[in-house]
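Please have the sequence and the model open while I speak.

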Amino acid sequence: QALLVESGGGLVQPGGSLRLSCQASGGAFTLDYHAIGWFRQAPGKEREGVACISSDGSATYYADSVKGRFTMSRDNAKNMGWLSIESLKPEDTATYYCAADTDDFTTVQDMCESADFNNWGPGTQVTVSS
């Protein structure tokens, strides 16, 4: 998958922060009219939908495990979305993926829980360790 690209991952100590970016690439499509979802998967564990934002930015959903620490934003003019993470914990260690799809007939909560997105980035690694 080359239409979305994540960046900003790295090695961070517990309590630190990161900001992940998601950008449409290749000129194949824009993020207009697309909800953006953030997912993570640790080795040996199932994929988890952690945060999703509606196409116009007016509606958001956060999983209980990240609520209060993760914050999404987007700028459709720049074809970008961001996930800001604070107070990182070792259990946040995972590969983080962004995804995009239209949201005309659903909610961002349903999209996060079902992971029903048509476009996915290749992922960026976040490692939290002392």
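I shall take the strands, then one aspartate, and then the aromatic residues.

This is a predicted model, in which local features need pLDDT of at least 70 and side-chain atom pairs count only at pLDDT 80 or more, while totals for chains, interfaces and linings use all residues. Residues are numbered from 1 along each chain as its sequence is written, and side-chain values use heavy atoms, with hydrogens and water left out.

Some terms come first. Helices (H or I, at least four residues) and strands (E, at least two) are DSSP runs, numbered from the N terminus. Two strands pair if DSSP finds at least two bridges between them. For burial, a residue is buried under 20% relative accessible area, exposed over 50%, and partly exposed in between, with a 1.4 Å probe and protein chains only.

Let us begin with strand β4, residues 34–41. Of its 8 residues, 7 are buried, and the strand is mostly covered. With β9, β4 pairs in the antiparallel sense over 8 bridges, and A35 stands opposite D101 in β9. With strand β5, residues 48–53, β4 pairs antiparallel over 5 bridges; here G37 has C52 as its bridge partner. β4 and β5 form a hairpin with 6 residues between them, and G44 in the turn has a positive phi of about 80°.

Strand β9, residues 94–102, also runs antiparallel to β11, joined by 3 bridges. Y96 has T124 in β11 as its bridge partner.

Which residues of β11 form its covered face, and which its uncovered one? In this strand, residues 124–128, T124, V126 and V128 are on the covered face, whereas Q125 and T127 are on the uncovered one. In a regular strand, side chains alternate between the two faces of the sheet.

I turn now to D92, which lies in the loop between β8 (80–85) and β9. Is D92 buried or exposed? D92 counts as buried because its relative accessibility is 0%. Its side chain makes a polar contact with the side chain of R69 at 2.8 Å. A polar contact here is a pair of N or O atoms within 3.5 Å; within protein, one must be able to donate a hydrogen and the other to accept it, and residues adjacent in sequence count only if both atoms are side-chain atoms. Leaving aside neighbours within four places in sequence, D92 is in contact (heavy atoms within 4.5 Å) with R40, R69, F70, S87, V126 and V128.

Finally, the aromatic residues. Rings of Phe, Tyr and Trp (its six-membered ring) pair if their centres lie within 6.5 Å; planes under 30 degrees apart count as stacked, over 60 as edge-to-face and the rest as tilted. By this rule the count is 3 aromatic pairs. One of them, F39 with F117, is edge-to-face, at 5.5 Å centre to centre and 80° between the planes. This pair links distant parts of the chain, with F39 in strand β4 and F117 in the loop between α1 (108–114) and β10 (119–120), 78 residues apart. F39 and W120 form a tilted pair, at 4.9 Å and 50°. Both F39 and W120 are buried, as are both F39 and F117. F39, F117 and W120 form one aromatic cluster.
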